[in-house]
Amino acid sequence: MAERIAKGQQRQKELVDELVSNIMETAAPLIDGETSTEALDAAARDVHERIQFEANLALSEVVTRFSRGKAAEKEAEQKERTFIRFGPNFRAQHILMFVSVIILIITGMPLKFPELAVSKFVVISLLGGLENSTLIHRIGATGLIIVGVWHLFYIALSRTGRRDFFLMIPRPRDIKDFLHTVLYYIGRRSSGPRFGRFSFIEKFDYWAVYWGMVIMIGSGIILWFKEYFPKYLYDIGREAHSDEGLLATLAIVIWHFYNVHLNPEVFPMSWVWWHGKLSEEEIKHHHPLEYAKIVEAEREAIEAEQAVPQAAGETSDTLGKET
Amino acid sequence: MTRLTTYGYCLLTVLLFSAAQAAPQKCLLCHGKKDLTKQEETGRTVSLYVDTAQLQMTVHADRDCADCHIDIVEIPHKQVRKVNCRRCHYTGNPVGAPEGELYDQYEHSVHGIEVARGNPRAPVCQDCHGSHDIIRHDLAASKMYKQNIPQTCGRCHIEVYADYRESVHGMALARGIMDSPSCASCHGEHNIQRPEEPGSKVSAANVTGTCSDCHGPMGVASKYGIKTDRTVTFEESFHGVAQMMESRMVANCASCHGYHDVRSHDDPKSSVYPDNIPATCGKPGCHPEATVSFASGKIHIDPKSKESGILYYISRFFMILTASTLAGLFVFIVLDLFRRARKARAKR
């Protein structure tokens, strides 16, 4: 941007210099030789016209320059490629999920630690009593259930969802990657493992959430409709709900927050959840194998594209021959 | 004439000297007769007999009739007002009558408030403590003796007394188990309040604490082989947690076990007898849609105890899962930070 401004200023200076020298050229013979008022008047008119003409020219040039500059900037932006990591559907799932989970944690945790003053403050003072907090908890629960069902449809019906789900399945390579990472972290390897679209860490996160959803929704439904379940199932449901709730909360607060908020690389927050994009540099660094695949696919596509018109030409040729 | 005067002086002297002792004697001329009665306006016949032997056993043995019955100044007397105990029993009294906050509490109790409002059926001191038979409360003859309190209260609260007498508490107390609660153990004494009052010992907010005094971990119930972890398991249950969150809709001890009619869970009449539990859970306002299976299984269940079976193992499983997962993640974060620090140092 600064470079462009400097260029613009340079050009402006050039134009002004040019203008001045042009005017001086036009005016010089008139001012030098003639002394009659008529001639001087004509010369002045001439100079005036000249100035107007040059000014218009300069203005139009600046305008074209400016618009061309914008286009140039766009061009440059396109050159700095971004890669879609999460599509709008997936991002919407994540947003609904974290809104629901925040609601659930705020209304759920106080009941795990009822003796704490902060729990009482949240439930009694902030939310106006247990009746309200349990209602809000059920609203959050509805959101989470919707996300769960939505995601199942997404991985079953959407092409991206299906592809990503298969990529999420753990493979022996993940164990190798994990060991490699540990060795790298403790300084026994000079570089970390090269990941594909999903690293073992991301797979762990995904399946942890999967497990959490199954436990929390399953046990939550028992608690919600307790009258229709036997007491021992209620007890199991309550224990599981309470314990898994704490585990999930701690995992989110410690692990997920470290990865997407507190990690020095992304602090204060990674915005991928919002725009869903990775820069070329980011994808090269974090998902080199995926990047390699994309580049390979693109190369093939270009080759195919180049091959197509040739083929089309040939067919038209043959067609022409036939007719 | 002089002789008569002398007799007169003598009589006067004797009368004056023996006035203190003579006064009860004088009253007892009439009130010592067992058949002395009066007819009340309502038609009820009230005995006016005062048992001197009993009077001598009371805490007021050294008091005169007129010390309390101050409105009697002539004999015979007609309308006698009720004795006001507060004439002596007030804070800072000079005659050495017991005093203290107990006496002040009464005025703020449900009984005191009702009396102040002019309810003729509300009790004053002597309705519970007696009048000519006020005996130290640790003596078996006292109306305030623990075993006698139910009858004393039951004179007015007759239906409650009927329930209580058959309850596990009433039966135990009657059998002589003095740790078993009487009315006052739960309701308080001079400070009795309506259960609806938040300050009442038996209000929805406080009844659990009142039961816990005996049935809690430090409670006396353990002496009799009664499980004392019940209050703890209650506090950890949803009902207990909701109560801590000041919800008054949830069940407290009394909601399931009853209160005046608390019975052992072995008693088929008990609300917590296994066959009766579904109905108890299904009370209107609680879980009316509850099925029989809803109420099946242990109620006061402790996931931390091995006796709880599968629940114990689930609780254990999650404890290990949580600890190991978080420890792993934590180590991973620390290692990652170390790596970054090393890299940053190397760059410098």
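Me: What pattern does chain A follow when read along the sequence?

Reply: In this predicted model, chain A runs α-α-β-α-α-α-α-α-α-α-α-β-α-α. That comprises twelve helices and two strands.

Me: Why are helix 3 and helix 5 of chain A called roughly antiparallel to each other?

Reply: Helix 3 (residues 88-112) and helix 5 (residues 130-157) of chain A pack at an angle of about 155 degrees. Angles over 145 count as roughly antiparallel, and therefore helix 3 and helix 5 of chain A get that label. Their axes are 8 Å apart, and the crossing is left-handed.

Me: What classes of residue make up the contact of helix 3 with helix 5 of chain A?

Reply: The contact of helix 3 with helix 5 of chain A has 14 nonpolar residues, ten polar and no charged.

Me: Why are helix 9 of chain A and helix 17 of chain B called roughly parallel?

Reply: Helix 9 (residues 231-262) of chain A packs against helix 17 of chain B at an angle of about 0 degrees. The cut-off for roughly parallel is under 35 degrees, so helix 9 of chain A and helix 17 of chain B are placed in that class. The axes of the two helices lie 9 Å apart. By class, their contact holds 18 nonpolar, three polar and four charged residues.

Me: Which helix supplies the largest share of the side of chain B that touches chain A?

Reply: Helix 17 of chain B does, with 18 residues. In total, 36 residues of chain B are in contact with 33 residues of chain A. Helix 14 (238-244) and helix 17 (310-347) of chain B each supply at least two residues of that side. Divided by class, the side of chain B that touches chain A has 21 nonpolar, nine polar and six charged residues.

Me: How do you know that chain B is more spread out than a compact globule?

Reply: Chain B has 17 helices and two strands. Its radius of gyration is 32 Å, whereas the globule rule gives 20 Å for 348 residues; the value is well over the rule, so chain B is more spread out than a compact globule. The C-alpha atoms of chain B fill a box of roughly 135 × 60 × 35 Å along the principal axes.

Me: What percentage of the residues in chain B is buried?

Reply: Buried residues are 20% of the 348 in chain B. For chain A, 15% of 323 residues count as buried. The cut-off for this label is 20 or more other C-beta atoms within 10 Å.

Me: What share of the contacts in chain A with a separation of 6 or more comes from residues 24 or more positions apart?

Reply: In chain A that share is 64%. In chain B, 38% of the contacts between residues at least 6 apart join residues at least 24 apart.

Me: What makes B:Glu246 count as partly exposed?

Reply: The class lies between 12 or fewer neighbours, which is exposed, and 20 or more, which is buried. B:Glu246 has 13 C-beta neighbours inside 10 Å, so it counts as partly exposed. B:Glu246 sits in the loop between helix 14 and helix 15 (253-257) of chain B. Its phi is positive, about 65 degrees, although it is not a glycine. Most residues other than glycine have a negative phi.

Me: What kind of peptide bond joins A:Phe267 and A:Pro268?

Reply: The bond is cis, with omega about 0 degrees. Most peptide bonds are trans. A:Pro268 belongs to the loop between helix 9 and helix 10 (272-275) of chain A.

Key: Residues are numbered from 1 along each chain as its sequence is written. Chains are lettered from A and ligands numbered from 1 in the order in which they are written. This is a predicted model: local features need pLDDT of at least 70, side-chain atom pairs count only at pLDDT 80 or more; totals for chains, interfaces and linings use all residues. Axes are lines fitted to C-alpha atoms, for helices over the stretch in contact, and angles run from 0 to 180 degrees between N-to-C directions. Helices (H or I, at least four residues) and strands (E, at least two) are DSSP runs, numbered from the N terminus. Angles under 35 degrees count as roughly parallel, over 145 as roughly antiparallel, 65 to 115 as roughly perpendicular and the rest as oblique. A crossing is left-handed if the near helix is turned anticlockwise from the far one by less than a right angle, and right-handed if clockwise. Ala, Val, Leu, Ile, Met, Phe, Trp, Tyr, Cys and Pro count as nonpolar, Asp, Glu, Lys and Arg as charged, and the others, Gly among them, as polar. The radius of gyration is taken over C-alpha atoms; the globule rule is 2.2 Å times the number of residues to the power 0.38. Two residues are in contact if their C-beta atoms, placed from the backbone, lie within 7 Å.
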